Amino acid sequence: MRAISPKSESRQLQILFFIFAIFIMAWVPRFPEVKANLGLSNGQFGTLISTGTFGALASLFFTGHIVHKFGSKIVILGNTVLITLVFISIVQTKSPALFLALNVALGWAISGFHIAINAQAFHSIERVKDLTIARLHGIWALGALCTAIISGLVVDHISLALHVGGITVAMAMIVFASVSKLSPVLIKANEEKEQHLPLRTLITSFRVDWLISGGLICAVFLEFSAGDWSAIFTKERIGVSASLAALPYICFMIAMISGRLGANRITKRFHIHHTVRFLSLFGGFGFITFIALAVNIPSEHKYWALVATCFAFAFAGAGSSLMAPTFYTAGNKRSNLPSAVVVGQLGVVNSVAIFILKACVAWTAQFTGSLAIALTIPALMLAATAFFARAVKAD
């Protein structure tokens, strides 16, 4: 079998994280069009988009076992094919019932891909010097930023179906090429009987690390909400064009990327638990301050309101930047299970909470008539992450 150098392994793994972001985020800035295609209200659309959690839950529970037993290659490639087929279909349907079914399948595929590449990342970090989860998540955020910029540029010129379908097919081809190059170092199928983790064992050994899970849920929910609602809020509440509606999300991603790619410098100067406390309060209350300012600016000054909205999401991005990689790394260190299983178990708890919380945000917006009020929920949760900082404290 051909060999692969640590430098090449690091590069290909970064490509997978970059492509994964483009894969799953290409349609997010065009959610207003998806919502319009389905003819739904904010509450209905927010609830429907949350149904992906059902597929994600099943995937999160079983995929760690599948990776451990059969290796990461089959999981990555299988879910790549499923993501591609679902995206080509989901952006063309006008049926809420069909959208629901496709969205559940999409939840399964995205979570499966997520578990496989994160497990592979923990596997590679043991060999590749200076490779960190924070850096890989920063590369993911860079991919999300690139696709948000592209969406902003093409939204008025290319149809939703052509845009998302074309990008998805192109990204799938790159994934197959990258996985082929990584083949020598991918997690192999477990052939040692004494190291098998029977499904029954996985169920009985399922444990919730409440400090890690609670902190992770509070830390990442604003990131999810930014993806779901930033473009809708900016277009419908601020009243700018569809192309400008992507700007707040772009600001969010730039701030997140800056934090993640600068993680090594930050953690060398400050204790990680102090950093988590500061960023959570900085991001949560900064977001609330500027979103409140944006909605109180008169409509004739909508571009000043857009600037305030961009600042709000920039604060959110900076505050969220180190949270997910930090809590995932801490969770992996605190468990004796394989990394794929740890990522999956954390994801199960996270997905249940995210599903409930997404519905809360959607129906808060529906009943209050204010998406700004609804978005204070994830902002306050980010600030509350400070209470869980001791979970990531280094020994």
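Reader: In which helix does Phe 176 lie?
Author: The model is a predicted one, in which local features need pLDDT of at least 70, side-chain atom pairs count only at pLDDT 80 or more, and totals for chains, interfaces and linings use all residues. Residues are numbered from 1 along each chain as its sequence is written, and side-chain values use heavy atoms, with hydrogens and water left out. Helices here are DSSP runs of H or I with at least four residues, numbered from the N terminus, and the one that holds Phe 176, residues 160-182, is helix 8.

Reader: Does Phe 176 count as buried, partly exposed or exposed, and why?
Author: Buried means under 20% relative accessible area and exposed means over 50%, with partly exposed in between, using a 1.4 Å probe and protein chains only. Because its relative accessibility is 37%, Phe 176 counts as partly exposed.

Reader: Which residues make up the largest nonpolar core's set of members with the most contacts inside it?
Author: A nonpolar core is a set of buried Ala, Val, Leu, Ile, Met, Phe, Trp, Tyr and Cys residues joined through side-chain atoms within 4.5 Å. The largest such core has 125 residues, and those with the most contacts inside it are Trp 27, Trp 140, Met 253, Phe 287 and Phe 327.

Reader: With which residues is Met 253 in contact, leaving aside its neighbours within four places in sequence?
Author: Contact means heavy atoms within 4.5 Å. With neighbours within four places in sequence left aside, the partners of Met 253 are Trp 140, Ala 141, Ala 144 and Leu 145.

Reader: How many residues of helix 7 are buried?
Author: Helix 7 covers residues 133-154 and reaches 32 Å from its first C-alpha to its last, close to the 32 Å expected at 1.5 Å a residue, where the expected span is 1.5 Å times one less than the number of residues. This helix is mostly covered, and of its 22 residues the number buried is 16.

Reader: Is Gln 12 buried or exposed, and why?
Author: Gln 12 has its place in helix 1, residues 6-25, and is in contact with Ser 178, Lys 181 and Leu 182 once neighbours within four places in sequence are left aside. Because its relative accessibility is 6%, Gln 12 counts as buried.

Notes:
Helix = DSSP H or I, 4+ residues; strand = E, 2+ residues; numbered from the N terminus.
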